[in-house]
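Please open the model in your viewer and keep the sequence beside it, so that each selection can be followed in turn.

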Amino acid sequence: MDKDVSTNKDQAVTLRGWDALEIKLKSRGLSCAEIQEARKSFFDGIETLAKMFMTIYSAEKKPLV
């Protein structure tokens, strides 16, 4: 079984987002400090993208679906 796939009651679940990235970084031998820095950067990027989306979406004044 791949490192990025776990099973849940005989159903394969593929990890996504930070969980999948963290497994790949660990497999490449990055140190804990490097992984912590990458985690912070990852979540800062997600936050920035969310803010950009909300700014553009608010400017268009369309109702959220």
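Helices (H or I, at least four residues) and strands (E, at least two) are DSSP runs, numbered from the N terminus. Coloured in that way, the protein chain shows the order β-β-α-α from the N terminus on, that is, two helices and two strands. This is a predicted model, in which local features need pLDDT of at least 70 and side-chain atom pairs count only at pLDDT 80 or more, while totals for chains, interfaces and linings use all residues. Residues are numbered from 1 along each chain as its sequence is written, and side-chain values use heavy atoms, with hydrogens and water left out.

Next, select residues 18-27, helix α1, together with residues 32-60, helix α2, which pack at an angle of about 155° with their axes 11 Å apart (axes are lines fitted to C-alpha atoms over the stretch in contact, and angles run from 0 to 180 degrees between N-to-C directions). Helix α1 is therefore roughly antiparallel to α2, a term for angles over 145 degrees.

Now show the side chains of W18, L21, E22, L25 and K26 on α1 and of I35, A38, R39, F42 and F43 on α2, which make the contact (heavy atoms within 4.5 Å).

Finally, display the surface of the whole protein chain: of its 65 residues, 8% count as buried, meaning under 20% relative accessible area with a 1.4 Å probe, protein chains only.

Methods:
Buried < 20%, exposed > 50% of the residue type's maximum accessible area, 1.4 Å probe, protein only. Parallel < 35°, antiparallel > 145°, perpendicular 65-115°, else oblique.
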